[in-house]
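Subject: Handover of a structure

Hello,

Here is the structure I promised to pass on. Please open it first, then read my notes below.

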Amino acid sequence: MTAAVVEGLGTALPPRRVTNDDLAQVLDTSDEWIRTRTGIVARRMVDDGVVTGDLAVEAGERALKSAGGQGADAVIVATTTPDQPLPNTAAGVAERLGLAPAAALDLNTACAGFPYALATGAGLLTAGAASRVLVIGAETLTRFLDPGDRSTAVLFGDGAGALVLRLGDADDPGAVGPFDLGSDGSAAEILTLSAGGSRLPPHRDDLADDDKYLKMDGREVYRHAVRRMAESLEALAQRAGLDVADLDGVYAHQANSRIIEAVADRLGLPRERCPVTIAEHANTSAASIPLALAAAPPRPGDRVALVAFGGGLAWGSALVRWPEVTPG
Amino acid sequence: MSSTVYERVSTILVENFGVEADKISADATFEDLDLDSLDLVEFSLAAEEELGVRIEDEEAEALGTLGDAVKLLEDKGATPGEG
């Protein structure tokens, strides 16, 4: 049976590191509070003028190199923070990577972007629409944070990560699948960035701060995230004919160490099988899973589940038989 | 054996949050039990699943003691079930 197969991994982080103590100088918060509630110690932030596409190009270039430098004929950029509404981010990234006229599309399922993008990439391959796909998660969420809102300003960071997929066989090392994807639009209001679309076009001059910045109901997000990611992992395991306990590793979206621990506990998985790499990255949304794969790499041959949850609501998971791969 | 709502809540605290059983009393605050705001969200998730009643966020925030939580759960229709 044909399947998408991972053959390269690359990541990119902006150089500027901002610690909890740095933020505590301008916000009513503390290093201790942030660490115990989230596991975050520091985050990387882009400087003015750096866009999501810049990070995507850097991560994409490294992933292509890691895959052996054979290029790609499709590029997917999973992002909630595109360079602009039009044109999409992916076409410019493809151009800058020398991949034009590759198929290029953006995909927005917020923090759940990476599993969705992997499933989409696998679909392009098995449909015969592409032979090698560069799947990038890239975000600059710190550009959209209300600097005075301590409930969000401390949580997010910028970064990008990418995998290269080629068409191969389901038995190959690196084979991706099955997948489990889902959404629930009834709880849309718990995670929003409202301005800039057709509901509130950017030219309006009556935009409120709540519309211009990322807004989050942290408790509700926590509640849904724990439940949906645990359920998605159970569905994924069942689809793969496995027990959740058979998973060698679970690479969960790095939004909050407490959420990851709660998911592990709920599924009866040892916490050490669920790497937490949030300390230096904070929540990088669609980029967090490839960043986690690079920071705490699975062993070749491990059966790892990638699972994410984000605004929408949206969630998804993907199974990968981790291959021998050296990050580029 | 049937168990009271208080006993079932105590079991959740011991099993899910590692609270020492001898620290649990109706007068204990969640702070006494070393539960912070995120633990409270998870406590309400567990209570929802085990007892079939939902604690809203505002209600969770307003909870002072364990006794308050048990009363809230009982008022919302949680019934002592099979323990």
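Two strands count as paired if DSSP finds at least two bridges between them. Helices (H or I, at least four residues) and strands (E, at least two) are DSSP runs, numbered from the N terminus. This is a predicted model, in which local features need pLDDT of at least 70, side-chain atom pairs count only at pLDDT 80 or more, and totals for chains, interfaces and linings use all residues. Residues are numbered from 1 along each chain as its sequence is written, while chains are lettered from A and ligands numbered from 1 in the order in which they are written.

Start with a parallel pair. Strands β4 (residues 74-78) and β5 (residues 103-107) of chain A run parallel, joined by five bridges. One bridge partner pair there is A:A74 with A:A103 in β5(A).

Next, a sheet. Four strands of chain A form an open sheet of mixed pairing, in the order β8-β13-β12-β11. Its edge strands, β8 (176-183) and β11 (249-252) of chain A, each pair on one side only. From one strand to the next, the twist averages 15 degrees. Axes are lines fitted to C-alpha atoms, for helices over the stretch in contact, and angles run from 0 to 180 degrees between N-to-C directions. β8(A) pairs with β13 (residues 314-321) of chain A in the antiparallel sense, over six bridges. In β13(A), A:A318 is the bridge partner of A:F179. Helix α8(A) packs on this sheet and touches β8, β11, β12 (303-310) and β13 of chain A. Its direction makes about 145 degrees with that of β12(A).

Now the neighbour. Eight residues of chain A are in contact (C-beta atoms, placed from the backbone, within 7 Å) with five residues of chain B. On that side of chain A, α8 (218-239) and α9 (257-267) each supply at least two residues. α8(A) gives the most, with five residues.

Finally, the whole chain. Chain A has ten helices and 13 strands. Its C-alpha atoms fill a box of roughly 55 × 45 × 35 Å along the principal axes. Among contacts between residues at least 6 apart in sequence, 78% join residues at least 24 apart.

Best wishes

Technical notes. Contact = placed C-beta atoms within 7 Å.
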